[in-house]
Amino acid sequence: MAKIDEYIPIVGKPVIDDLRLLADKLKGRVIQHINSTRLGGGVAEILSRMVPFLKELGVDARWDVIKGGNDFFEVTKKFHNALHGSPQDISGGDFDIFMQASRANINEVDTYGDIVFVHDPQPVALIEKKAGNKWIWRCHIDISNPHLKVWHFLKDFVASYDAAVFSAPGFSQRLPVRQFLISPSIDPLSDKNRELSREIIDAVLRKYNIPAEKPIITQISRFDRLKDPAGVIDAYRLVKKYIDCQLILAGGAAVDDPEGQKVLEEVREKAQNDEDIHILLLPQSDIEVNALQRASAVILQKSLREGFGLTVSEALWKAKPVVASNVGGIPLQIKHKNSGLLCHSVEGAAFAVKQLLNNPRFALKLGENGREHVKNNFLITRHLKDYILLFLSLYHPEDIVYL
Amino acid sequence: MDDKYKANEPFRFFTRMHLSELTGLRASTLSQLLALIKEIPGSSIYHHTHRFLLQYQYLSPEPPNDFAYWVSEALGEDELGEKLSSIDTIQYSTIRSLREKIIQVIELYLKDDPLAKLKFSRPGEEFHFIKSISFVLAANYTAGDLKEFAQVLDKITLDSIYYHIFEARLRLERSSNDFSNWIEHSLGDKELAQKISRLDPYSYTLEELRRNIIALIEKQAII
């Protein structure tokens, strides 16, 4: 993993100097992150980088993970979908399963941090252990239109935290605690985002039998209904009528997402035997994801709901033209017609993809703007800065803080 | 370099970092927007009239403020959007006076076109009020003369330039931007100070502003 000084050529030395200045103000405090998995999904990916960087800056950051069986993760997946607003059949038994696992974790997990930073709903009930320390709940999910039964259940826990953090303004709720807006980030030096040689990109295309000469439309996402892989295939078919192109649907699977396999099968069935649709299950193949994004003419992110949509930042960082749904954190990353194209439907997505494939100069300009926007706002250095400021804000309630 | 460019007091560079705090308040109509603009904290007015400067470096000229953008894009009130975006922010020395101007522009518009009250934004496109929390701290740079000042200015973060030009004047209610203050009072060069304070910082990207200030210094001092 890269060291913090390796980011200087990308963001400049003063940005790194500022991080060191800030981190110094946290000396002596222990920051304890808690989530539900070390592997798979955006949260684990961010923490696996954030924690070492905080340590390198001299902040005593640690990372603990709660435990849960399949039944617990099936319930939390239902909660996840319900918070995103999709209809779910949630019974009293589900809440019992959630509380049973939560109680076991309350007994087992040591919440030693001066600041305990809890990510997403799975470990939310740990707040019952709150003593004299500070607690933050970090919501990575789009809860702009949550299933109210689930939200009210969780809200009682969230109300006991010192602060809550959301990825987009529309996710904030009426809560009796301070709420902050912090976007997640990508790491420009990770295998998923670093520069790749043409040879590596070509080798990955060869590995999956994808011809390089035919324009590629790609959506990188977990196989999840909320990412609308079926809608992506529909949009591709509308484009295909006019432009001979191919579609890549590629993504991994997360330990806390038991539904993925089922969705993957549905997608394979919908693709039938179209040899220009490439459905790839890529568990933890970051370089391959990187190569597929770089090989693409257009990147799609046709999610129905989206916590933030880091795959959009990844694509923009590679200066790729992106077509993405106007949901969740995506409009923070794309200003329509400036740094990408936003869509609201299958037809809209197909129209935007055609526009980009037929107008390479326009596509190039959007990609360049997108990269600049990501550089200013969505790299891990900005995220580190925001988190340190968040920790400091717990000790400073005022609007202008002199450190 | 000429001795006249040695300062009585060195310039100490500060930097300002900001965190966005969500208020949970949102508006779907112009009337709701107006009502909330009247009562939200000054740090929210400040956020919505200044965040574009730091977040949209690649857009030049930047969309000047969130209120203007929202009434145009979400409500389709382009004329009001234009009126709000052409508020000459540099003329206002306090957030309070800037807020009053925004209120006046919206109230006048509603008086002329009461039907504008009836428009709603689409679900998901409401205006969300956010506050800006500023953290101010000393950067590790000082300048004892104009040459050093220009050298530091060339490499300091845009956050620092932003702090000394925008935040110091409007949010901390100093009489001018920090650079002009120092050049006038510690270097005694009133002419250069005025040239810098006459720049309309809202019509440049921060990077352009940096280059323009350095160019003015180099031209004046021939360094």
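Trainee: How much area do domain 1 of chain A and domain 2 of chain A bury between them?

Mentor: In this predicted model, the two domains of chain A bury about 2,000 Å² between them, with 59% of it on carbon and sulfur atoms; buried area is the accessible area (1.4 Å probe) that two parts lose on being put together, summed over both. On the domain 1 side, Ile10(A), Lys77(A) and His84(A) lose the most area to domain 2, together 24% of what that side buries.

Trainee: Where do the domains run in chain A?

Mentor: Domain 1 covers 4-185 + 380-393 and domain 2 covers 198-377, with bounds that come from an automatic or database domain assignment. Residues are numbered from 1 along each chain as its sequence is written, chains are lettered from A and ligands numbered from 1 in the order in which they are written. Local features need pLDDT of at least 70 and side-chain atom pairs count only at pLDDT 80 or more, while totals for chains, interfaces and linings use all residues, and side-chain values use heavy atoms, with hydrogens and water left out.

Trainee: And how many salt bridges cross between those domains?

Mentor: The rule finds two across that interface, a salt bridge being a side-chain nitrogen of Lys or Arg within 4 Å of a carboxyl oxygen of Asp or Glu. Lys77(A), already mentioned for the area it loses, meets Asp224(A) in a salt bridge at 3.2 Å, N to O.

Trainee: Switching to the chains, how many residues does each give to the contact?

Mentor: Chain B gives 39 residues and chain A gives 40, where contact means heavy atoms within 4.5 Å. The area buried between the two chains is about 3,400 Å², of which carbon and sulfur atoms give 61%.

Trainee: What about salt bridges there?

Mentor: The count between chain B and chain A is three, and Lys131(B) with Asp399(A) is a salt bridge of 3.2 Å, N to O.

Trainee: Which elements of chain B touch chain A?

Mentor: Those that give two or more residues are β1 (6-27), α2 (42-55), β2 (127-145) and α7 (158-171) of chain B, and β2(B) gives the most, with 13 residues. Helices (H or I, at least four residues) and strands (E, at least two) are DSSP runs, numbered from the N terminus.

Trainee: Which strand of chain A pairs with β1(B)?

Mentor: Strand β6 (residues 178-181) of chain A pairs with β1(B) in the antiparallel sense over three bridges, pairing being counted if DSSP finds at least two bridges between two strands. Within β1(B), Leu22(B) is the bridge partner of Gln179(A).
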